[in-house]
Amino acid sequence: MNISYDYITEYLRDTLPKSEGLLFEMEKFAAINSVPIIQKEVMCFLRTLLSVKRPQKILEIGTAIGYSALVFSEYLQPEGKLITVEINPDCARIARENFKKAGEDRIKLIEGDGEDVLNNVNEKFDVVFLDANKSLYSRGLPDILRILNKGGLLIADNVLYKGMTASHDLEARRKRTIVNNLRSFLSEICECDELTSCILPIGDGVSVSYVK
């Protein structure tokens with residue numbers, strides 16, 4: 001189920017600009033093969049956000065087939081770079097192929113566990129984007145705060161998780177651990193003195209936090 005009324009979602013997707021070229025082909029591939037990528041309304045929101053931010057360095061946890069990484073790379077500064085992490089080797093292979101097709105050489109893909117990368121990375125970033133295992137969101141927050149520059153952004157996707165995060169009535173027993181992890185994460189970013197945060201009910205829920 002969507003977290004918004006179907007007619008609103010359909011209106012947004014019909015109204016927002018259509019993708020072209022490689023991104024359009026990747027959207028078709030994702031739909032046919034049930035690969036999770038950022039939803040169209042989320043993509044347009046993040047395009048707007050990154051147009052204002054114009055980051056030098058982005059860290060993405062959860063590459064999938066490289067769709068969001070390619071979208072984000074359009075808004076890097078000329079000498080910028082994007083590091084993206086993917087644990088699934090098949091997805092990583094497809095993502096590398098897509099980066100090559102796009103001719104994008106500012107993206108570095110690390111094949112491995114996102115939590116391990118967060119634990120060991122020592123460089124600073126302007127944007128961190130979370131779109132991976134939901135248990136990582138809360139566990140990874142201390143390291144994310146450590147590596148984000150002042151004025152940086154933490155963006156997390158799927159935080160409302162089909163509405164289950166917001167309603168015990170929708171919460172499925174087998175998803176309880178995921179939902180509890182997301183609730184903890186959202187409470188932490190909203191109560192953190194270092195951050196100014198908002199939670200938006202678009203796509204499957206997106207949170208945006210600004211490092212004061």
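Is glutamate 41 buried or exposed? Select glutamate 41 and you'll find that this residue is buried, with a relative accessible area of 7%. (Buried means under 20% relative accessible area, exposed over 50%, and partly exposed in between, using a 1.4 Å probe and protein chains only.)

Before going on, some housekeeping. This is a predicted model, where local features need pLDDT of at least 70 and side-chain atom pairs count only at pLDDT 80 or more, while totals for chains, interfaces and linings use all residues. Residues are numbered from 1 along each chain as its sequence is written, and side-chain values use heavy atoms, with hydrogens and water left out.

**Salt bridges**

Helices here are DSSP runs of H or I with at least four residues, numbered from the N terminus. Arginine 13 is partly exposed, at 29% relative accessible area.

Next, go to helix H2 (residues 21-33), where glutamate 25 and lysine 28 are 3 residues apart, separated by about one helical turn. Their side chains form a salt bridge at 3.6 Å, N to O. Both ends are partly exposed: glutamate 25 has a relative accessible area of 44%, and lysine 28 has 39%.

Now pick glutamate 104 and arginine 106, a salt bridge whose closest N and O atoms are 3.1 Å apart. Glutamate 104 counts as buried at 17%, whereas arginine 106 is partly exposed at 22%.

For a network of salt bridges, select Lys57, Lys81 and Glu123 together. The count for the structure comes to 10 salt bridges.

**Rings**

While you're at lysine 57, show phenylalanine 125: lysine 57 lies over the face of that ring, 5.2 Å from its centre. (The rule asks for NZ of Lys or CZ of Arg within 6 Å of the ring centre and within 35 degrees of the ring normal.)

The structure also holds 3 aromatic pairs. Tyrosine 5 and tyrosine 7 are stacked, because their ring centres are 5.6 Å apart and their planes at 15 degrees. (Rings of Phe, Tyr and Trp, its six-membered ring, pair if their centres lie within 6.5 Å; planes under 30 degrees apart count as stacked, over 60 as edge-to-face and the rest as tilted.)

Last stop: tyrosine 137 and phenylalanine 185, an edge-to-face pair at 5.4 Å centre to centre, with 70 degrees between the planes.

Key: Salt bridge = Lys/Arg side-chain N within 4 Å of Asp/Glu carboxyl O. Helix = DSSP H or I, 4+ residues; strand = E, 2+ residues; numbered from the N terminus.
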